[in-house]
Amino acid sequence: MMRRVKRYILRLVCIMMLAVVATSCEGIDISFGNGNGNGNGNDDNNTQVDDISLTRCWHLVSFCDAPADVDIHINFAKNGTFTIYQRSKVLTYTIFTGTYTADVDNSLLSGTYDSGTKWTTDYIYTVDTEAQTLTLESVNNPDEVAVYEPSEVPTSATSSTKSASASDIKPL
């Protein structure tokens, strides 16, 4: 169980790191409903995500009902790109970037890293605007549930990063 939790958390961290690098969270109003994507209003990609409650920076706070033991920040931009900053047991964050789709009708979130590798699973997502949380539940393993809260990416994440390599564990 612990190995599975660590693997899932590492995947989530990677995705979050990618989302942050591709679209900086700096200057984004993280209140619910702003939907700015990358914070400058100039989303270059023609793909638009309809669920603006999803498009912001998120920080992993728990995984499988336990406090997160890795530091993951993810930004879902309105243009359909994500950046993830992931850090576990080291001082440097690893960055993962790619694209995602959010099927609003089915609350289904899926994605692909820039390397072409798909996420290991799709996720049922729920954005609770009252509690200000994003919950991701693995479609393949419903016991794997991650909870995120809105947050800006810390300066330490943007200043101490390395690009993801093929050997890095991907968070999603």
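The side chain of S138 makes a polar contact with the side chain of T121 at 3.4 Å, where a polar contact is a pair of N or O atoms within 3.5 Å, one able to donate a hydrogen and the other to accept it within protein, and residues adjacent in sequence count only if both atoms are side-chain atoms. The model is predicted, so local features need pLDDT of at least 70 and side-chain atom pairs count only at pLDDT 80 or more, while totals for chains, interfaces and linings use all residues. Residues are numbered from 1 along each chain as its sequence is written, and side-chain values use heavy atoms, with hydrogens and water left out.

S138 belongs to strand 8, residues 133-138; strands (E, at least two residues) and helices (H or I, at least four) are DSSP runs, numbered from the N terminus. With a relative accessible area of 2%, S138 is buried; the term buried means under 20% relative accessible area, exposed means over 50%, and partly exposed lies in between, for a 1.4 Å probe and protein chains only. A polar atom of the S138 side chain also lies 3.0 Å from the backbone nitrogen of N141. When residues up to four places away in sequence are not counted, S138 touches T121, D122, Y123 and E144, contact being defined as heavy atoms within 4.5 Å.

D128 has T133 of strand 8 as its bridge partner. The two strands form a hairpin with 4 residues between them, and Q132 in the turn has a positive phi of about 55 degrees. Strand 7 has a covered face made of Y123, Y125 and V127, whereas I124, T126 and D128 make up the uncovered one. Strand 7 also pairs with strand 6, again in the antiparallel sense, over 2 bridges. In that pairing, L109 has Y123 of strand 7 as its bridge partner.

The loop between strand 6 (108-113) and strand 7 (123-128) holds K118. K118 has a relative accessible area of 60% and is therefore exposed. Its contacts, leaving aside neighbours within four places in sequence, are with G111, T112 and Y113. K118 and T99 are 19 residues apart in sequence, and their C-alpha atoms are 9.6 Å apart in space. Another loop, between strand 5 (93-103) and strand 6, contains D105. D105 counts as exposed because its relative accessibility is 73%. From C-alpha to C-alpha, D105 and D51 are 9.9 Å apart, with 54 residues separating them in sequence.

Side chains of opposite charge can pair when their charged atoms come close. A salt bridge requires a side-chain nitrogen of Lys or Arg within 4 Å of a carboxyl oxygen of Asp or Glu, and a search of the whole structure finds 1. The side chains of R87 and D71 meet in a salt bridge with an N to O distance of 3.5 Å. Because R87 lies in strand 4 (residues 81-87) and D71 in strand 3 (residues 71-76), the pair ties together parts that are 16 residues apart in sequence. R87 is partly exposed at 25% relative accessible area, whereas D71 is buried at 14%.

The structure holds 6 aromatic pairs. Rings of Phe, Tyr and Trp (its six-membered ring) pair if their centres lie within 6.5 Å; planes under 30 degrees apart count as stacked, over 60 as edge-to-face and the rest as tilted. The F76 and Y100 rings have centres 4.9 Å apart and planes at 70 degrees, so the pair is edge-to-face. F76 lies in strand 3 and Y100 in strand 5, so this pair ties together parts 24 residues apart in sequence. F76 is buried, with a relative accessible area of 0%, and Y100 counts as buried at 3%. Y85 and Y93 are also an edge-to-face pair, because their ring centres are 6.3 Å apart and their planes stand at 85 degrees. Both Y85 and Y93 are buried. One aromatic cluster is formed by F82, F96, Y113, W119 and Y123.

For the chain as a whole, there are 2 helices and 10 strands. Of its 172 residues, 48% count as buried.

Technical notes: Pairing = 2+ DSSP bridges.
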